Amino acid sequence: METAFIKTPLGIAKLEGDEFGLSNVTILDSEEKLTDVIPEELEDAVYQLNEYFEGKRSQFSLTLNPEGTDFQKKVWEALEQIPYGKTVSYLDLSKTLGDPKAIRAVAAANGKNPLWVIVPCHRVIGSDGSLTGYAGGLHRKKWLLEHESPAKQQSLF
């Protein structure tokens with residue numbers, strides 16, 4: 001398993017993967033030494049993440065290999081279908097997966113997403129439009145949603 005630490009506008013991200021695909025992208029609250037030479041297996045992921053944060057990429061094209069249960073993987077695959085700049089509620093996501101009563105299980109699987117930003121769990125919000133739980137912190141979820149918003153907030157000053 002190869003590892004790289006890269007700088008993002010939201011902090012240091014840790015990427016892990018191998019020849020079978022990207023298995024983990026995590027945003028850290030601690031400072032880590034940035035990786036000088038990105039392992040070949042992670043080069044494309046680093047490139048695409050940088051493009052995303054520069055506003056040049058709205059969709060990722062990577063081989064993913066996360067570890068999880070079959071149900072979690074089904075939820076994560078559904079998350080990948082949420083369009084850039086759009087949000088859905090946990091209830092909407094549960095309905096998409098065919099069981100509106102599975103909302104808590106869907107929310108739990110969403111919270112276990114190991115591929116920060118790549119699998120866009122930040123696009124899932126509460127039914128009332130509120131920003132609810134996010135493993136990376138609500139301030140990061142808000143930033144990501146604003147970053148993807150087609151209507152950018154303009155400064156008055």
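Two strands are said to pair where DSSP finds at least two bridges between them. In this predicted model, strand β1 (residues 2-8) and strand β2 meet that criterion in the antiparallel sense, with 7 bridges. Between β1 and β2 lie 2 residues, and the two strands form a hairpin. Within this pairing, Ala4 stands opposite Leu15 of β2.

The arrangement continues with the next strand. Strand β2 (residues 11-18) also pairs with β3, again antiparallel, over 6 bridges. Asp18 has Gly21 of β3 as its bridge partner. Strand β3 itself spans residues 21-27 and is mostly covered, since 6 of its 7 residues are buried. As a general point, side chains in a regular strand alternate between the two faces of the sheet.

These strands can now be set within the whole chain. The secondary structure amounts to 5 helices and 5 strands, and their order along the sequence is β-β-β-α-α-β-α-α-β-α. According to an unreviewed UniProt entry, residues 4-65 carry the feature "domain: Methylguanine DNA methyltransferase ribonuclease-like".

The overall dimensions come next. A compact globule of 157 residues would have a radius of gyration near 15 Å, and the value of 16 Å for the chain therefore agrees with that expectation. Along the principal axes, the C-alpha atoms fill a box of roughly 50 × 45 × 25 Å. Of the 157 residues, 43% count as buried. The chain exposes about 9200 Å², of which carbon and sulfur atoms supply 50%. Among contacts with a separation of 6 or more, 56% are between residues 24 or more positions apart.

Attention may then turn to the loop between α4 (103-111) and β5 (124-125), where Cys121 is found. The unreviewed UniProt entry lists Cys121 under "active site". Is this cysteine buried or exposed? Cys121 counts as buried because its relative accessibility is 8%, and the cut-off for that class is under 20%. When residues up to four places away in sequence are left aside, Cys121 touches Leu79, Asn110, Asn113 and Tyr134.

Val117 belongs to the loop between α4 and β5 as well. Its phi is near 70°, a positive value in a residue other than glycine. Most residues other than glycine have a negative phi, and most peptide bonds are trans. Val117 has a relative accessible area of 1% and is therefore buried.

Finally, the confidence of the prediction bears on how these details are read. The average pLDDT of the chain is 93, and 96% of the residues score at least 70. Among the elements of the chain, helix α1 (residues 43-53) has the highest mean pLDDT, at 98, while α4 has the lowest, at 93.

Key:
Residues numbered from 1 in each chain as written. Predicted model: local features only at pLDDT ≥ 70, side-chain atom pairs only at ≥ 80, totals over all residues. Heavy atoms only, no water. Buried < 20%, exposed > 50% of the residue type's maximum accessible area, 1.4 Å probe, protein only. Helix = DSSP H or I, 4+ residues; strand = E, 2+ residues; numbered from the N terminus. UniProt positions renumbered as here; feature names shortened; annotations may be inferred. Contact = heavy atoms within 4.5 Å. pLDDT = per-residue confidence, 0-100. Rg over C-alpha atoms; globule rule 2.2 N^0.38 Å. Areas by Shrake-Rupley, 256 points an atom, 1.4 Å probe, with all protein chains shown as cover.
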